[in-house]
Amino acid sequence: MNIRSDVPIDDLRQPPPLGKSLYVLLGLVVVTFLAPAVGGFFPPDDWYAALRKPDWNPPNWLFGPVWTALYLAMAVAAWLVWRRWGVRYGRLPLTLYFVQLFLNAIWSPLFFGWHLIGLALVDLLMLSLVLLPTVIIFYRHHRVAGLLLGPYLAWVGFAAVLNFELWRMNR
């Protein structure tokens, strides 16, 4: 995948008016938070409570605040790319963003809903394979946007290791 930008700096568009820009930001926040909203239909249950977990498994209360901060940072990152490049020149990074968001959204149904720990792990690996180039291309399009996705990439990596360990301990 070629993740270089082939748009000369001179072709950067003028940022849209602040009013329109804030509507797009709000829309991106709403769309981004649809991923955890899907997960809300598949909350942890007695099955999850009964799983054997590693000693380093974070406490349940930590996931909500961490994911909330990450989803907000993700939405802002996408907005920064859109604001600088628009849809035309930002098509690749924004497409990657929405693909990774879809992969993010289906993890909860796989894991909590259908108890498919192994398939949820495959989903996280696919998410990582899409997210890494997303972070790189976001960084190349807008450095702050790429940096905002860094903690998300790290957390997804941690989640994949935890998911693997849960799969290993409970098969």
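Is F158 buried, partly exposed or exposed? F158 counts as partly exposed, at 25% relative accessibility. The model described here is predicted.

**Aromatic pairs and cluster**

- The structure contains 16 aromatic pairs.
- One of them joins W155 and F158, with ring centres 5.3 Å apart and planes at 40° to each other, which makes the pair tilted.
- A pair of aromatic rings is described by two quantities, the distance of the centres and the angle of the planes.
- W155 and F158 both belong to helix α7 (residues 143-170), where they are 3 residues apart, so about one helical turn separates them.
- W155 has a relative accessibility of 15% and therefore counts as buried, because buried means under 20%.
- F158, at 25%, is partly exposed, because that value falls between the limits of 20% and 50%.
- One aromatic cluster is made up of W47, Y48, W107, F111 and F112.

**Charges over rings**

- Y48, a member of the aromatic cluster, has the charged end of K53 over its ring, 4.4 Å from the ring centre.
- The ring of W167 has the charged end of R171 over it, at 4.5 Å from the centre.

**Salt bridge**

- The count of salt bridges in the model is 1.
- R168 and E165 form a salt bridge, and their closest N and O atoms are 2.4 Å apart.
- These two residues lie 3 residues apart in helix α7, so they are separated by about one helical turn.
- R168 is partly exposed, with a relative accessible area of 39%, whereas E165 counts as buried at 15% relative accessibility.

**Nonpolar surface patch**

- A nonpolar patch on the surface consists of L26, V30, V31, L34 and F98.
- Together these residues have about 430 Å² of accessible area.
- Helix α1 (residues 18-32) supplies the largest share of the patch, with 3 residues.
- F98 is placed in helix α5 (residues 91-113).
- The relative accessible area of F98 is 36%, so this residue is partly exposed.
- That value also meets a condition for joining a patch, because patch residues need over 30% relative accessible area.

**A buried serine**

- S21 is located in helix α1, the helix that gives the patch its largest share.
- S21 has 0% relative accessibility and therefore counts as buried.
- Leaving aside residues up to four places away in sequence, S21 touches P16, W79, W82 and R83.

Notes: Residues are numbered from 1 along each chain as its sequence is written. This is a predicted model: local features need pLDDT of at least 70, side-chain atom pairs count only at pLDDT 80 or more; totals for chains, interfaces and linings use all residues. Side-chain values use heavy atoms; hydrogens and water are left out. Patches are made of residues with over 30% relative accessible area and no salt bridge: like charges are joined within 9 Å, nonpolar side chains (Val, Leu, Ile, Met, Phe, Trp, Tyr) within 5 Å. Accessible areas come from the Shrake-Rupley method with a 1.4 Å probe; for residues, only the protein chains shown count as cover. A salt bridge is a side-chain nitrogen of Lys or Arg within 4 Å of a carboxyl oxygen of Asp or Glu. Helices (H or I, at least four residues) and strands (E, at least two) are DSSP runs, numbered from the N terminus. Buried means under 20% relative accessible area, exposed over 50%, partly exposed in between (1.4 Å probe, protein chains only). Rings of Phe, Tyr and Trp (its six-membered ring) pair if their centres lie within 6.5 Å; planes under 30 degrees apart count as stacked, over 60 as edge-to-face and the rest as tilted. A charge sits over a ring if NZ of Lys or CZ of Arg is within 6 Å of the ring centre and within 35 degrees of the ring normal. Contact means heavy atoms within 4.5 Å.
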